[in-house]
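This briefing concerns one protein chain. Please consult the sequence and the structure shown below while reading the points that follow.

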Amino acid sequence: MPELPEVETVRRGLLPAMENTVIAEARVNREGLRWPFPPRMAERLTGARVLRLRRRSKYILADLESGETLLVHLGMSGRMRVSGEGLGLFHHAHPAPEKHDHVVLEMANGARVTFNDARRFGVMDLVPTVEAETHRLLAGLGPEPLGNSFNEEHLVAAFRGKNTPVKAALLDQKIVAGLGNIYVCEVLHRTGISPLRKAGKIGAARVASLVPAIRTVLGEAIEAGGSSLRDHRQASGELGYFQHRFAAYDRESAPCSTPGCEGVIRRIVQSGRSTFYCGTCQR
């Protein structure tokens with residue numbers, strides 16, 4: 001699944017094509033993806049101006065002048081591809097339609113935005129903008145890790161008395177929204193915290209150190225265009241490159257990169273997910 005940096009990279013790639021632009025024509029080529037599309041989705045999107053393109057956790061939200069918001073989740077293999085020559089910003093000519101091009105948005109500026117999803121685990125929904133934050137997929141999400149409400153005090157309080165491993169705590173979307181397996185492994189390696197440690201047993205100072213590490217890792221990943229593992233592409237079709245900077249994730253048996261550490265990266269399974277860490281310097 002794409003994590004926060006991948007989704008944010010896609011959002012930024014869509015901005016020049018979509019924000020402050022009218023959807024001249026929307027085409028819907030199937031009845032739904034993971035769930036059915038909302039009724040008359042193509043009709044409701046056609047002619048609507050996109051006022052704002054934002055992100056909440058791993059979801060892209062397009063607020064429309066019609067008073068509705070288009071909610072998008074990329075799922076396991078979903079891609080939003082921009083093509084066309086609108087305003088000289090989109091250097092890719094419109095490609096030939098592909099089998100899994102499920103939703104196509106022809107923008108008034110000449111750009112085309114195509115949602116392609118081979119595995120059909122993605123999501124698209126239309127909801128009143130004033131109710132978007134209470135949508136069943138967004139309600140209950142914790143603070144954004146790059147926002148002001150995510151801070152040391154919040155995380156220390158959230159971890160207090162928690163008996164689950166710290167990795168599971170950081171993956172809990174009610175504690176912090178948008179973090180996934182890849183970046184949690186990287187953050188724990190940078191802070192020297194073992195993913196096996198119980199969240200409630202970690203001292204407040206070490207818990208607090210996770211906050212700037214999370215911000216730094218996510219910022220670096222966004223700058224690199226995310227991590228391209230299997231299906232992720234940017235809106236331009238290009239790959240992300242943060243996977244070349246991984247210190248822990250997917251580096252089983254590789255030497256630990258922490259200065260002075262002679263350990264190697266191990267792989268274990270926690271709650272059905274691979275965890276990569278150094279048993280020597282992560283305590």
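A residue is called buried under 20% relative accessible area, exposed over 50% and partly exposed in between, with a 1.4 Å probe and protein chains only. Helices (H or I, at least four residues) and strands (E, at least two) are DSSP runs, numbered from the N terminus. The model is predicted: local features need pLDDT of at least 70 and side-chain atom pairs count only at pLDDT 80 or more, while totals for chains, interfaces and linings use all residues. Residues are numbered from 1 along each chain as its sequence is written, and side-chain values use heavy atoms, with hydrogens and water left out.

**Overall composition**

- The chain holds 6 helices and 10 strands, and 54% of its 283 residues are buried.
- Contact means heavy atoms within 4.5 Å. Of the contacts in the chain with a separation of 6 or more, 64% are between residues 24 or more positions apart.

**The sheet**

- Strands pair if DSSP finds at least two bridges between them.

**Strand β6 and its neighbours**

- Because 7 of the 7 residues of β6 are buried, this strand is largely enclosed by the rest of the structure.
- β6 pairs with β1 in the antiparallel sense over 5 bridges, and M107 of β6 is the bridge partner of I23.
- β6 and β7 also run antiparallel, joined by 5 bridges, with D101 opposite N116 of β7.
- The hairpin of β6 and β7 has 3 residues between the strands, and in this hairpin G110 takes a positive phi near 95°.

- A62 is placed in strand β3 and counts as buried because its relative accessibility is 3%.
- Strand β3 (residues 59–64) is joined by 4 bridges to the antiparallel strand β4 (residues 68–73), where L70 stands opposite A62.
- Leaving out residues up to four places away in sequence, A62 touches V50, R52, L53, E68, T69 and L70.
- A62 and M18 lie 44 residues apart in sequence and 8.6 Å apart in space, C-alpha to C-alpha.
- A cavity is a set of points, on a 1 Å grid over the protein atoms alone, where a 1.4 Å probe fits but cannot get out; lining residues have an atom within 4 Å of a point. The count comes to 1 cavity of 30 Å³ or more.
- The largest cavity has a volume of about 40 Å³, and its lining includes A62, L70 and M18.
- α1, β3 and β4 each give two or more residues to this lining, and β3 supplies the largest share, 3 residues.

**Helix α5**

- 10 of the 11 residues of helix α5 (residues 181–191) are buried, so this helix is largely enclosed by the rest of the structure.
- The buried residues of α5 pack against α1, α4 (166–171), α6 (204–223), β9 (265–270) and β10 (273–278).
- G192, which follows α5, has a positive phi near 70°.

Notes: 1 Å grid on protein atoms, 1.4 Å probe; cavity = no way out; pocket = protein on both sides within 12 Å on 5 of 7 lines; lining within 4 Å. Points joined across faces, edges and corners; volume = space filled by probe spheres on them.
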